[in-house]
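Here's a quick briefing to read alongside the model. Have the structure open in your viewer while you go through the points.

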Amino acid sequence: MMPLKRACVVGWPAKHSRSPLIHRHWLAEHGIAGDYQIEEIGPDDFPTFIRSLADHGYVGCNVTVPHKLAAAAAMSRLDAAAAALDAVNTVWYDGNELCGDNTDVHGFLANLDDAAPGWDARLEKAVVLGAGGAARAVVLALIRRGARRIEIVNRSPARADDLAAAWSDRAHALPWSDLPEALDGAALLVNTTSLGMAGMPPLAIDLSPLPGDAVVNDIVYVPLETGLLAAARRRGLHVVDGLGMLLHQAVPGFERWFGIRPAVTPALRMLVEQSI
Ligand code: ATR
């Protein structure tokens with residue numbers, strides 16, 4: 001009998017994670033003898049846990065809030081995105097070496113490629129709302145795709161300044177009051193803040209300065225149709241929700257652990273949508 005390969009998501013809390021749904025779907029689809037579990041591990045226990053993943057029977061894991069920075073510190077090797085962001089969400093073994101990547105960069109790009117083909121053809125200007133961990137991955141992704149100018153708009157100006165400083169030739173921090181100017185002529189607007197998420201205040205902004213061919217992407221996926229996306233739809237803009245990013249960010253991990261690159265299919269999307 002083939003040995004059972006196991007992976008998991010490690011977080012605190014983690015019980016609402018949709019990752020088991022995604023990976024178990026792929027395991028079944030490919031007939032792989034494996035499992036994907038949830039590990040709720042507190043910050044004090046995390047460094048020991050991650051360094052002894054194999055002893056817990058795991059071939060790798062996803063890492064979620066609040067452990068992404070601690071995970072980066074525990075790795076023997078970081079892929080380029082994880083090194084640039086100093087944050088890891090996907091862990092695997094190369095021999096005995098613990099390796100980490102940040103697949104949010106891939107997930108963000110693959111989602112837009114899927115849902116808005118050609119979105120990156122004229123990236124003269126993009127606007128990113130927020131300056132937290134998700135914003136960092138989005139800004140790195142946009143830099144990699146060749147965005148000429150990225151306006152970072154955040155409630156706390158200091159965090160936006162810090163993020164923009166890392167890419168100072170192409171990224172700029174702006175206060176919320178300058179949002180209309182930032183949106184004017186932008187090809188893409190991305191919300192990475194928690195505004196609009198279930199239980200949070202809505203993200204209420206005036207989208208009228210955006211050009212008619214702009215793409216609006218909310219990386220929030222609970223709810224799937226945020227107020228921002230509804231407003232963008234009313235204006236006739238191209239709308240991309242955040243669920244695809246969640247699905248696509250899971251792909252590289254599954255491939256590392258189980259040796260098959262899985263597909264993000266409508267059936268998978270429908271399955272996860274039903275859990276929202
Ligand atoms: P993540 O890792 O998911 O990006 P985070 O680092 O906590 O999470 O970042 C959350 C983002 O949402 C930040 O940009 C935060 O703004 P601040 O840097 O000013 O905290 C933004 N955010 C959260 N609640 C907000 C609110 N009520 N109004 C405006 N922005 C908010």
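**Starting point: Leu224**

Leu224 sits in the loop between strand S11 (215-218) and helix H9 (227-234); helices (H or I, at least four residues) and strands (E, at least two) are DSSP runs, numbered from the N terminus. This is a predicted model, where local features need pLDDT of at least 70 and side-chain atom pairs count only at pLDDT 80 or more, while totals for chains, interfaces and linings use all residues. Residues are numbered from 1 along each chain as its sequence is written, and side-chain values use heavy atoms, with hydrogens and water left out.

**Around Leu224**

- Setting aside neighbours within four places in sequence, Leu224 is in contact (heavy atoms within 4.5 Å) with Leu229, Asp241, Leu243, Arg269, Glu273 and Ile276.
- Two of those partners, Arg269 and Asp241, also meet each other through their side chains in a salt bridge (2.7 Å, N to O); the term stands for a side-chain nitrogen of Lys or Arg within 4 Å of a carboxyl oxygen of Asp or Glu.
- Between the C-alpha atoms of Leu224 and Val240, 16 residues apart along the chain, there's a separation of 9.8 Å.
- Pro223 is in the loop between S11 and H9 too, and a cis peptide bond joins Val222 and Pro223, with omega about 5°.

- How much area is buried between domain 1 and domain 2? It's about 970 Å², with carbon and sulfur atoms giving 61%; buried area is the accessible area (1.4 Å probe) that two parts lose on being put together, summed over both.
- Arg18, Leu85 and Arg269 supply 46% of what domain 1 buries against domain 2, more than any other three residues.
- One salt bridge is counted between domain 1 and domain 2.
- There's also one residue pair in polar contact between domain 1 and domain 2 (both at pLDDT 80 or more). A polar contact is a pair of N or O atoms within 3.5 Å; within protein, one must be able to donate a hydrogen and the other to accept it, and residues adjacent in sequence count only if both atoms are side-chain atoms.

**Ligand surroundings**

- The ligand is surrounded by 13 residues, the closest being Ala134, Asn154, Arg155, Ser156 and Arg159; a residue is near if one of its heavy atoms lies within 4 Å.
- A polar side-chain atom of Asn154 lies 2.7 Å from an oxygen atom of the ligand.
- From the backbone, an N or O atom of Ala131 is 3.0 Å from a ligand oxygen atom, and a backbone N or O atom of Ala134 is 3.0 Å from an oxygen atom of the ligand.

**Other spots to check**

- The whole structure has 14 salt bridges.
- Glu97 and Arg77 form a salt bridge, with closest N and O atoms 3.3 Å apart; this pair links strand S6 (residues 97-101) and strand S4 (residues 77-78), 20 residues apart.
- Trp12 and Pro13 are joined by a cis peptide bond, omega about 5°.
- Asp86 has phi near 55°, a positive value in a residue other than glycine.
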